[in-house]
Amino acid sequence: MKINPKPGPRGIAVELAPRIGWIVEEGTVRVFEAEKGELLKLGYPEAAVWDLISRYSLEADIVPKLAVIGGLNRAATRALLHSCLRGWLRSGILVQAGSRG
Amino acid sequence: MTFSFAIPVLGEWLLSAPFSRSAALVNDSARRRAAFAGPPPDFHLRAPKELDPLFLGIIPTRDCNMACAYCGFRSARASATHMDYALAEAAVRWLAGHCRRRNKETLNVHFFGGEPLCAFDVVEVAVHSARRLAAENGLVPHFEVCTNGFLTDEQTRFVGDYFHTVILSFDGRPEFQNRNRRLKGRGRSFDTVARTARALAEGPAQLCLRACVTQDSVARMAEMSAWFSREFRPLAVSWEVLKPTAASRKAGLLPPDPYDFARGFVASRRILEQEGIRAVYAADLLPEPRYTFCPMGQDALVVTPEGRVNACYLPEEEWLKSGLDLTIGRLTPGSGLTLLAGARQRVFRHVRTKPFCEACFCRWSCAGGCHVQHTASGRDVRDSDFCIQTRIITACSLLHKLDEESLVDELLADRAALENLACQPSYLVSQSE
């Protein structure tokens, strides 16, 4: 297990909220907040969304890979990506890019 | 007492019985009384009826970002084709289905190149697809990658997070790494690769450093072992000797003297083992006897960027040069895996046919070495440099098991004794003189 020291999705207009980290485990990604503990346990395909948005800023870099990983068509893949981002923004795990001050 | 082999060691005889995992150091009179014991009759002499792969190998690309002076993969001329995402997914899907049907626990996927991470996007797709399929099928995923370590920080972080074993090609000190393992365009690779090694060493992946030894570096193996241990804390250090190529000769790189290499390896092993690090020479004695040196002959399936399924990860031109055909099937996203009739059996036949190894005491440990580059059909390899260094290292390993360390020192210091040990026409107990 390893907590990434500097995680953070870039450029899809979101970034990681302060004090959030994650651990890659067998089949899952667990998202933590310092002091509060585990916030999310992501299975697939959401775990792949999490990993891909930590490295890629453009939808065009994410969707073709995620479509194959998730066995989804492009439209469903986009819907999955946007649904994940909306949900994680709502729960405060992600914040609007630039809002961290 | 029954033994298979008798090895002359400084006036005594080292007897070895690989199938009962025993050894003894005896005088000549005892050696003459020893009876011969060969392999048990059921020791993997034919291909299992059903395919049972040791692992699935994926070659995302043959392309490489480096231009190593001794590269046997000819990276400069390698195809830059990247595997389709759909093919990578189909490969791990086939494996997951196979593992589920065979009640296997582990989904074992290895990545080879070129430099596999030159097709980083393919690796991402394959790893995440495999993790998803493993979760759906109740399997434990296990990922291994062979890499040159010239990676971005993001790639290194991904490998550290998702891979269980990393075989990192790293020739050691800057004067060797920068000379032997250059970037395309002749840039130096040491700083980046050392940074990768340090980053991976801090993570949970098992780090194995793989160093190629040349005539110039062989005398530094012991010193570099201490340095590897201190700087990178790997799980293992694997020492390989330079395999001469036209490019390596042009670069002025020569293989080490096999006697010097054997001495260097034994010295390295002592240093690394003190630190709890495994020293690996791929042809060395193992706890169990083996009939093949490598995954070939263990049903490993290696999928190329174009969808061919091979028994070996080496480039096709290498086998063709040796008169071999190691393609065993084809994989497509639509149809899955199709095996060629008789191809597996052909590979097994090649693996077990080692006419020049039958009287060698390393027959069931080194098992003939690389089936393509060393013991391809009809090639007489007796007393090759590979055989010489392998026999010395194997004999030292047997003596190590017998706690005869002072005899190892005495032997390694005596060139005539080493030559006598390494160049016998037969080691069979019944024929040794």
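Which strands of chain B does helix α11 (residues 343-352) of chain B lie across? Helix α11(B) lies across β15 and β16 of chain B and runs at about 140° to β15(B). Axes here are lines fitted to C-alpha atoms, for helices over the stretch in contact, and angles run from 0 to 180 degrees between N-to-C directions.

This is a predicted model, in which local features need pLDDT of at least 70, side-chain atom pairs count only at pLDDT 80 or more, and totals for chains, interfaces and linings use all residues. Residues are numbered from 1 along each chain as its sequence is written, chains are lettered from A and ligands numbered from 1 in the order in which they are written, and side-chain values use heavy atoms, with hydrogens and water left out. Helices (H or I, at least four residues) and strands (E, at least two) are DSSP runs numbered from the N terminus, and two strands pair if DSSP finds at least two bridges between them.

## The eleven-stranded sheet of chain B

Chain B contains an open sheet of eleven strands with mixed pairing, in the order β12-β11-β10-β9-β8-β7-β6-β13-β14-β15-β16. Its edge strands are β12 (278-280) and β16 (336-339), each of which pairs on one side only. On average, and with direction ignored, neighbouring strands of this sheet are turned by 25° against each other. Helix α6 of chain B packs on the sheet and touches β9 (165-169) and β10 (206-213) of chain B, where contact means heavy atoms within 4.5 Å. The direction of α6(B) makes about 160° with that of β9(B).

Strand β15 (residues 327-332) of chain B has antiparallel pairings with β14(B) and with β16(B). Three bridges join β14 (residues 308-310) of chain B to β15(B), and Arg308(B) stands opposite Arg330(B) in β15(B). The pairing of β15(B) with β16(B) extends over four bridges, and a hairpin joins these two strands through three residues. Within it, Thr332(B) has Gly336(B) as its bridge partner, while Leu331(B) stands opposite Leu337(B).

The one formed by β2(B) and β3(B) has two residues between the strands, and Leu10(B) in the turn has a positive phi of about 50°. The one formed by β3(B) and β4(B) has four residues between the strands, and there Arg21(B) takes a positive phi near 50°.

## The three-stranded sheet of chain A

In chain A, an open sheet of three strands has the order β2-β3-β4 with antiparallel pairing. Strands β2 (20-25) and β4 (37-42) of chain A stand at the edges with a single partner strand each, so one side of each is left without a neighbour in the sheet. Neighbouring strands are turned by 25° against each other on average, direction ignored. Five bridges join β3 (residues 28-33) of chain A to β4(A), and Val29(A) stands opposite Leu42(A) in β4(A).

## Helix pairs

Two packed helices are described by the angle between their axes and the distance between the axes.

| Helix pair | Angle | Axis distance |
|---|---|---|
| α1 (residues 46-53) and α2 (residues 59-70) of chain A | about 155° | 10 Å |
| α4 (residues 153-162) and α6 (residues 190-202) of chain B | roughly 35° | within 10 Å |

Helices α1(A) and α2(A) are therefore roughly antiparallel to each other (angles over 145 degrees; under 35 is roughly parallel, 65 to 115 roughly perpendicular and the rest oblique). Their crossing is right-handed, meaning that the near helix is turned clockwise from the far one by less than a right angle, whereas anticlockwise is left-handed. Ala48(A), Val49(A), Leu52(A) and Ile53(A) in α1(A) meet Ile62(A), Lys65(A), Leu66(A) and Ile69(A) in α2(A). The residues of this contact divide into seven nonpolar, no polar and one charged. Ala, Val, Leu, Ile, Met, Phe, Trp, Tyr, Cys and Pro count as nonpolar, Asp, Glu, Lys and Arg as charged, and the others, Gly among them, as polar.

The crossing of α4(B) and α6(B) is right-handed. Asp153(B), Thr156(B), Val159(B) and Gly160(B) in α4(B) meet Arg195(B), Thr196(B), Ala199(B) and Leu200(B) in α6(B). The residues of this contact divide into three nonpolar, three polar and two charged.
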